[in-house]
Amino acid sequence: MNRTQKLILDWIDGKLPAQEAEELERLLDMPAVRAEHRALCEIEYALRCRREGFDLSDRIMRTLNSMPEDARSSGKDADIPDSAAAIFPETPQASAAAPGRSDPAGVRRFSPASRFVRLAAACVAVASLVWAVWMWTSGMHGLPLASGARLLHVEGDVRVTTAGRERKALSPQTLSPGAHVVAAADSLAVATLGDGSRITLHGGSRLSLPAIPSPDGLAGPPPGFHLQRGTVTAHVPKRMEGQELNISTPAAGITVLGTRFILAAEEAATRLDVIQGAVRLRRRLDSTSVDVPWNSYAVADLGAEEAMAVRQAAPRTSDGLLALYTFGDADENLVRDVSGVEPPLDLTVVTPEAVDWPSGGGILLRDAALLASAEPAAKITAACRESGGITLEAWLTPSTLRQWGPARIVTISQGPSYRNITLGMGGYGDPGAAGGGRYLGRIRTTVLGLNGLPPLETAPGSAPPGLTHLVLTRAPDGTTRIYLDAVVRAAGMTPGDLHTWDENYRLALGNEFGSDRKWFGTLHLVALYGRALNAEEVSINFRAGPRYGS
Amino acid sequence: MDVPMLADTKPSSANAHESGEATDEALVSAVRAGRTGEFAELVRRYQSDVMRIVAALLYDRSATDDLVHDVFVHAYRGLETFDAGRDFGPWVRTIARNAVREHLRRAVRYRKRLADYGDVLAAGAGDDLLAGETMERLQRLLDGCLRRMPERSAAAVKLHYLGGLDTAAVAVELGTSPGAIRNLLCRTRVALRHCMERELATQ
């Protein structure tokens, strides 16, 4: 790197002193330096455009909503800085007199161009009103109105069909009433239904939104969807009686008042697993219904002769379990390891003033809370060094998706840069910076070093709001996965082995030892295994729900 | 009866064409009619374009965010001057380029010549670089070259540019000093520049 390049890069980084800026200015008279400057700027630009998770829409809308209603006018109002006058592109309207500007007497006057625009807008509004009334009265269906549903995230091959035209799905993308969403095998789509409900469409699934108007004919299509085949995981916020979310499959109808569940549909049968709350399942065969409570499942089978039955979910996987925390019986700020594996690795609530114990269970970490073992996590470290595998599992509800640090959820470590393993959330740098809304795992290996970098991360924005089942697994061959609600959302390799794990490191939840990497939210259950659970075992633990033994 | 107003307009943007969602014109009409919330969709559609223009010129990430924010607030307030017959995207991108020029004009630390270069880049960001093909080619080259960088260099770039860590935080992550990270990032960018030049020469 020569001096010219150094000067250019310092200028790009905003760190070029005035004296050296003069030197750079002189150098820029030379064509070769100008070319170098341009090339380095382009590389810088390409790197900055890699920024992840960029979304300012919430912040911008908060600003707009705080503005007075008449703030939107010529764009050259008194409270816009004078310099902003140069900001707007030249348009016929902009170059004409500003519309709507008041004269000294307070009388609003409009230019001819402005009057034309307003007249045209009025014509459009009237035409739209006529069209809307006509549509309402004639009962037209299936036009691409806004349904309120949006695709938030897609992975792999996901396609959307609207008005008979199939297209590759975009994210984000608004879904029109009547839209069909198809996720190919090994693909994934996360969508919101516009009412706060969030659904994950697994690979090999096909889902359709209703095309018909709602019963009142005014408020768009009814909430819900049809799952033709495949599996969805859904989180539906609580609703009032009479405002249920209705879902249909070829074999069943499902009525939801607010819960978390998994629905798997084939042509002849539908299985419903309820994680939280309760859901009513109606079999199309005979229109019989059962209410399926949490930690249970039922199957609606078109070929069955016997009545539908509600069955208890399979018990949680216990093979390889080393430590389990359910936060059910805090005893003098001691969270007990209830795994039954000796010796118990109990956790002390180091900051009792920073936690709450919600009546619904779990522990709420609300202000730089730290739970830590008094002794090293020796039984975990020893088992993992021996097996080369590990699983960290947590049922949690983040208080906010914009956490940073990354925020520590579960860690076996000795400070921010020395760890055996960490399960965390969020990006780096300032709160709200890029990279938020995701989960990550850092694992020390003989290759990845003491800090376990680079981490395995889910995509920015992949962390769902509300109750979440989060699992990090690492197999002896280095295969590492992060599951969200039993779906693999990140996969990669952590090469090397675990023989360098330090047996003196302690276990902590909610923060880092000696540092500020606090995580905000509620922990409902945390489990550590001395091996990598497979996908089926992760699914079993997900279906068993967050409430252990209650 | 507001919803049909959004749909009863010929789509104009590529996204709207593909998905049958509300067009830019329909969204602009809805906002002008008082449905401010529809502006959020316009923000979501064009914030990346605006960010790219702004990011080309401003080093500081929070300043970048602030300027992107201001561009959309200006666009909202000036919506009455928007010619409904034109595309919203080029309009808001022009606002962004002008806003960047204004920002640089006011930034006294930039000397005139350097600010002029900023102008050139801001214009380029809106035209050549942003125009899909050039940007894609640039990113492809960058991908290939990043893979050839030493592991530590690539890690520093990832933490700094993708993760948003400042050099001090990258230093903590990689167990070295901020000065060493600054030098490493400088050396890596120069190495990327030479690598990309070689790649271009062989294509």
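In chain A, strand 3 and strand 8 (residues 188–192) run antiparallel and are joined by five bridges. Two strands count as paired if DSSP finds at least two bridges between them. Strands (E, at least two residues) and helices (H or I, at least four) are DSSP runs, numbered from the N terminus. The model is predicted: local features need pLDDT of at least 70, side-chain atom pairs count only at pLDDT 80 or more, and totals for chains, interfaces and linings use all residues. Residues are numbered from 1 along each chain as its sequence is written, chains are lettered from A and ligands numbered from 1 in the order in which they are written, and side-chain values use heavy atoms, with hydrogens and water left out.

The loop between strand 7 (180–183) and strand 8 of chain A holds A:D186. Although A:D186 is not a glycine, its phi is positive, about 65°.

Further along chain A there is an open sheet of eight strands with antiparallel pairing, in the order 21-22-25-34-27-28-29-30. Its edge strands, each pairing on one side only, are strand 21 (334–335) and strand 30 (456–457) of chain A. Inside that order, strand 25 (residues 371–376) and strand 34 (residues 506–509) of chain A pair antiparallel over three bridges, and A:A372 has A:A508 in strand 34 as its bridge partner.

One runs from A:E342 to A:P343, with omega near -10°, and A:P343 lies in the loop between strand 21 and strand 22 (347–349) of chain A. Another runs from A:L453 to A:P454, with omega near 0°; A:P454 is in the loop between strand 29 (439–443) and strand 30 of chain A.

The next contact joins the two chains. Helix 1 (residues 3–12) of chain A and helix 11 of chain B have axes that come within 11 Å and cross at roughly 110°. Axes are lines fitted to C-alpha atoms, for helices over the stretch in contact, and angles run from 0 to 180 degrees between N-to-C directions. The two helices are therefore roughly perpendicular to each other, a term for angles of 65 to 115 degrees; under 35 counts as roughly parallel, over 145 as roughly antiparallel and the rest as oblique. In this contact (heavy atoms within 4.5 Å), A:Q5, A:K6, A:L9 and A:I12 meet B:N183, B:C186, B:R189, B:V190 and B:H194.

B:C145 lies in helix 8 (residues 133–148) and B:C195 in helix 11 (residues 178–202) of chain B, so the pair ties together parts that are 50 residues apart in sequence.

Elsewhere in chain B, helix 3 (residues 24–32) and helix 4 (residues 39–55) pack at an angle of about 140°, with their axes 9 Å apart. Helix 3 and helix 4 of chain B are therefore oblique to each other. From helix 3, B:D24, B:L27, B:V28 and B:V31 meet B:F39, B:E41, B:L42, B:R45 and B:Y46 of helix 4.
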